Amino acid sequence: MRRAARRAALDDVRVTTDVRYVELSLTARSDSARFAARVLGDQGVTGSLVLVAGDELGSLGGVPGSDATMLVDELVRAVAVSVGDQTGGVASGVQLMGGGQLRLIEILDAQLERRAARRVPGVDDDPRWVVPLPRDPSKVRVTEALGTLANGRVGVRGSAERTGQRASPLFAAAGLYDDRSRLVRGPIWTVANVADDSPQPVVGAVDLRTGVLVRVDAKTGVRSLRFVSSEQLHAMALRAEAFDGALLPGDVLEVPDGGGGRTRRQGGATVASSGSALGTLAVAAREQWAGDADRVTLERLCAWSTGRDGAPAERRAARQLARAASVGFDALLAGQRRAWAQRWRGAEVTIVGGPEAARDELAARFSVFHLLAAASAGGEAAVGARGLTGDAYDGHVFWDADVFVLPALVALRPEAARAMLEYRIRRLPAARAQAAALGRTGARFPWESARDGSDVTPRLVHGPHGEPIPILTGAHEEHIVADVAWAAVRYAEWSGDGAFLEGPGRGLVVETARYWASRIRLDRAGRAHLYGVMGPDEYHEVVDDNAFTNVMARWNLRCAADLLDQVQGPGGGSADPAGSRAGSRAGSRAGSRAGETAAWRDLAARLVDGFVAEQGIYEQFAGYFGLEPLVVSDVARPPVAIDVLLGPERVRASQLIKQADVLMIHHVLPTIPPRGSLERCIDFYEPRTAHGSSLSPAISATLLARAGRPDEALHLFRTAARLDLDDVTGTTAGGLHLAAMGGVWQALAYGFLGVRTDSHRVVVDPHLPSAWRELSMRFRVQGVPVEVRASRDDVIIASSAPLQLAVAGTEIEHRGGAPLVVPVGSPSRAAVKAAKRSPP
Amino acid sequence: MTEIPPTSRTPQAPEQPRSPEPPQALEPPRVPVVLAALDKDDSSSSVLGTGVKFAEIIGAGVEALHAGTSLPATLCMLARRAGVALRRIDGPANRALVAEIVRPEVRAIVVGAGLERSGRHPVGPTTRYVAERSSKFVVIVPVAPKGSEGPLSHLLVPLEGTASSSRPILEALFPLLVTGAEVEVLHVFTQETLPRMLDDPVRDFELIGRELLAKHCPGASRILLRAGPIADRVREACDKGPCGMIVLSWSQVSSGGRARVVRDVLSTSAIPVLLLPVAGDAGRTALPDAASHGAP
């Protein structure tokens with residue numbers, strides 16, 4: 001038949017057959033089913049949310065019926081129903097209902113009735129996308145953190161509808177702080193009056209694919225689904241249903257204690273707000289009840305608004321609610337599914353292997369899910385250490401945002417990364433003021449930042465017996481200044497937004513360089529130093545010439561000099577054909593700038609970095625090599641908070657370190673250390689690293705993979721990826737560790753996939769652990785959507801636009817369109833071929 | 001049996017909490033009692049004083065007991081001065097005391113520890129016998145407890161963070177506290193239980209502490225987190241703080257090297273130690289995990 005078809009010029013014919021006929025055509029029913037699955041998938045409708053119905057889903061005379069061809073792999077979890085007679089039986093998983101067309105209409109009517117009755121919708125219970133939450137009542141706050149839903153603007157923890165004493169619900173808005181620089185706790189809109197409040201197991205799960213939280217209370221039978229809309233950013237919704245009076249009317253909104261809040265009725269809505277004069281968070285909610293004596297359903301639509309500096313938020317929330325209500329729950333949910341499907345199209349991570357690989361994949365997706373939810377496009381995005389998933393660290397912004405979260409977001413949602421930088425740009429004046437207050441020039445970004453960009457790092461805390469404990473990070477952990485500049489450059493390079501550094505981002509690079517220039521001191525020999533700093537390794541609190549800080553500062557100075565010289569030319573002259581006085585002033589300024597950039601380059605050249613050429617490693621700080629040469633395995637098994645075990649004094653006197661410090665140089669500036677230094681620094685520093693910080697394991701995993709040790713990397717990757725899912729730190733109750741999640745993405749992309757960019761190309765150099773057969777990631781680089789799929793045999797790169805690539809050492813020009821297949825181990829350009837696959 | 005007439009310390013029937021169930025019997029409510037086991041040695045005064053203070057915080061009366069052939073005059077005077085009824089009980093002291101403990105109205109027994117020249121307070125055979133067999137609380141009192149003046153206002157509860165060890169505290173001790181005595185929890189990390197990561201030690205410890213309290217001791221007023229040898233950290237906390245009694249749950253097995261923490265604390269503590277048996281009346285429900293301070 002195929003030969004006959006080819007003779008008829010049908011090269012790629014589809015053959016559909018059952019016992020009664022043979023059909024040759026350009027498309028088959030299976031093609032249609034795949035097409036439908038793809039279209040539905042683009043709407044976030046997958047698996048068991050799809051109904052496949054037919055009357056020939058079974059076999060006819062021992063041959064599969066024609067409708068059975070619709071049961072394609074893409075619809076493997078779909079609900080399949082046969083309404084035919086099917087005397088030959090149906091395939092496994094197909095429900096035989098019979099009844100013909102009338103039965104099909106009944107089935108569809110039942111679905112419409114569910115909608116009309118406002119029943120709680122289902123989710124596609126796909127184990128690759130659905131994260132089950134802990135059921136243990138003693139872990140209620142961990143469950144709340146893991147069940148957080150956010151859209152970058154607001155987030156709500158996954159608290160139970162009826163919160164008990166142990167609960168810590170939170171609804172917060174990004175960047176909205178009270179007068180004590182803490183996140184404003186907004187009105188809780190997820191409460192419901194559940195008749196039984198005794199602690200009981202609740203089956204809860206987050207569907208990462210669609211961004212919804214579902215909960216089923218085993219005892220009361222209350223089912224619920226909620227979401228924070230990622231399409232209509234001010235809308236939120238909750239549906240719940242219950243039998244036998246388990247769900248009763250009650251408070252619609254709950255204002256947190258001490259939040260200075262109020263609740264009132266306005267029109268048909270309940271409106272509540274809380275906060276302080278600096279910022280209020282308002283929620284308006286309207287609910288509808290339906291049902292009968294046996295079953296009731298609650299549908300609650302909500303909208304939020306913020307008011308800063310006394311601006312009224314409640315009226316705006318009420319207006320937003322009217323908009324959400326005009327859309328309706330079903331359309332909002334459809335929009336939510338669509339929005340997340342769109343996000344995942346540019347961010348999906350797939351890991352193929354055994355059951356452990358599936359576990360790794362789910363953990364990786366969990367990280368990406370929360371990264372995508374951490375910041376939104378437009379305006380500014382203040383991404384706190386725990387995002388909007390908890391109140392730990394008060395929502396303060398650390399280097400976690402710049403060095404850990406932003407590199408992931410610039411590849412997944414560049415516009416959100418841009419908003420994160422906007423947060424820094426708008427706080428440049430505060431950073432300048434802080435530098436000036438210290439008698440320096442330029443801008444000094446604070447270790448902890450909140451609303452206005454002033455330093456909100458605590459300086460002193462009191463121990464259990466009232467003893468004062470000084471906090472030194474704010475005064476000494478100054479690498480944050482260069483980290484902010486690095487984030488700006490990373491954004492520009494990765495996103496291809498070249499105008500950023502010449503425009504709004506320039507101040508982040510130039511003003512920080514000015515700060516370093518005023519901070520650095522010269523010794524009598526003319527060498528430059530940074531005295532009294534703290535590196536990422538906070539076990540050694542105040543040191544001189546921390547290698548990471550110095551290398552970052554040097555890079556910052558050179559980068560700023562390059563940037564200014566690009567604008568005005570290295571000689572400092574700027575063309576001014578009119579020869580006006582203004583031009584003369586500009587020329588004078590340019591001359592002064594040229595002097596400044598030359599001074600920066602000079603300082604950068606003089607700045608010591610602790611690199612010991614004979615050994616090929618950096619000394620972490622001046623005097624580090626003279627400390628007690630302890631390694632972690634002598635004392636305990638990492639990860640471990642070894643300072644608690646040995647005491648801070650003993651650790652300070654040893655070479656034990658909290659987290660990657662020297663190795664951060666290799667991580668953020670991989671082209672700066674001399675060749676071979678990465679391997680030597682790993683060999684020296686990794687045994688000394690306790691990984692006593694949540695930031696550490698993912699970075700080491702990244703570098704171990706890059707160094708060709710992926711199996712060792714996998715162990716640390718798993719620690720990072722499961723950090724919150726397994727509450728490794730014991731602090732997940734206070735919120736999820738967003739920096740670790742950013743590290744997880746970086747370990748996958750920079751480590752196992754070996755992706756990086758340089759000035760003109762994208763480099764891919766995969767190192768897969770033996771437990772994984774395949775790793776694929778989608779992201780954007782230089783404005784181009786890309787999918788990289790690596791296996792032991794080949795690397796497949798799909799891009800809709802041209803890309804200059806270097807894959808496993810082979811330079812390749814990818815013209816876009818059909819994916820490139822690069823055999824691994826045969827780095828011959830001739831081996832590169834186009835695969836017949838669709839671009840992402 | 002000789003009896004000293006009841007006095008003001010003699011327990012009065014307290015007001016019973018309202019019960020959702022109707023009473024099963026018509027017997028008058030039994031008066032909760034703390035027994036103070038007085039010996040002839042120097043510890044009797046401390047034992048009796050501790051018994052009175054402990055009875056106050058749980059709303060109980062005090063009965064003093066002496067096992068022997070007669071009641072020494074010094075003990076009679078001591079009891080009279082304290083306003084406590086004193087009884088002589090027959091038989092070997094260990095068995096006689098255990099027989100008294102099983103009385104339903106008895107909430108706790110207070111016994112004395114020994115004293116060595118080194119300053120340690122070893123638990124003698126009688127005290128050990130009683131502690132290992134008592135289904136009620138046992139308070140073990142050093143000879144000259146530190147800071148024995150004034151009422152008992154602070155309890156230190158070293159908590160290892162398992163359900164079984166915290167259950168007696170939550171379910172048996174807390175419901176009895178009537179005076180608002182402050183409960184301070186001490187959690188000591190060992191090498192096995194150390195936190196794996198502390199991004200910011202101060203803030204993360206606060207979070208970990210909050211979680212431990214929420215899970216295991218929500219009635220406590222605060223928590224101290226320490227690392228190292230548990231008995232040393234307990235002693236330090238007692239030395240630095242206002243604590244008047246240490247509360248430990250234990251599995252009541254001290255042979256074969258078990259209950260090391262309990263033994264260490266008892267032998268070095270300068271203040272009374274309240275032992276709550278995890279499998280006794282204090283730990284009323286089945287225990288899913290065997291761990292406790294007394295477990296190996």
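## Asking how we know

Guide: In this predicted model, strand β6 (residues 79-82) of chain A lines up with β7(A) in the parallel sense, over three bridges.

Visitor: What makes β6 and β7(A) a pair?

Guide: Two strands pair if there are at least two bridges between them. Here there are three bridges, so β6(A) and β7(A) pair. In one of those bridges, A:Ala80 has A:Val94 in β7(A) as its partner.

Visitor: Which strands make up the open sheet, and in what order?

Guide: The order is β3-β6-β7 in chain A, three strands with parallel pairing.

Visitor: Why are β3 and β7 of chain A called edge strands?

Guide: β3 (51-54) and β7 (94-96) each pair on one side only. From one strand to the next, the twist averages 25 degrees.

Visitor: Over in chain B, why are α1(B) and α2(B) called roughly parallel?

Guide: Angles under 35 degrees count as roughly parallel. The axes of α1 (residues 44-57) and α2 (residues 73-82) of chain B cross at roughly 25 degrees, so these helices are roughly parallel to each other. Their axes come within 11 Å, and the crossing is right-handed.

Visitor: Which residues meet there?

Guide: From α1(B) come B:Ser44, B:Ser45, B:Leu48 and B:Val52, and they meet B:Leu75, B:Leu78, B:Ala79 and B:Ala82 of α2(B). By class, that's six nonpolar, two polar and no charged.

Visitor: How many residues does each chain bring to the contact between A and B?

Guide: Chain A brings 26 residues and chain B brings 20. Chain A's side has 14 nonpolar, 10 polar and two charged residues.

Notes
Residues are numbered from 1 along each chain as its sequence is written. Chains are lettered from A and ligands numbered from 1 in the order in which they are written. This is a predicted model: local features need pLDDT of at least 70, side-chain atom pairs count only at pLDDT 80 or more; totals for chains, interfaces and linings use all residues. Two residues are in contact if their C-beta atoms, placed from the backbone, lie within 7 Å. Ala, Val, Leu, Ile, Met, Phe, Trp, Tyr, Cys and Pro count as nonpolar, Asp, Glu, Lys and Arg as charged, and the others, Gly among them, as polar. Axes are lines fitted to C-alpha atoms, for helices over the stretch in contact, and angles run from 0 to 180 degrees between N-to-C directions. Helices (H or I, at least four residues) and strands (E, at least two) are DSSP runs, numbered from the N terminus. Angles under 35 degrees count as roughly parallel, over 145 as roughly antiparallel, 65 to 115 as roughly perpendicular and the rest as oblique. A crossing is left-handed if the near helix is turned anticlockwise from the far one by less than a right angle, and right-handed if clockwise.
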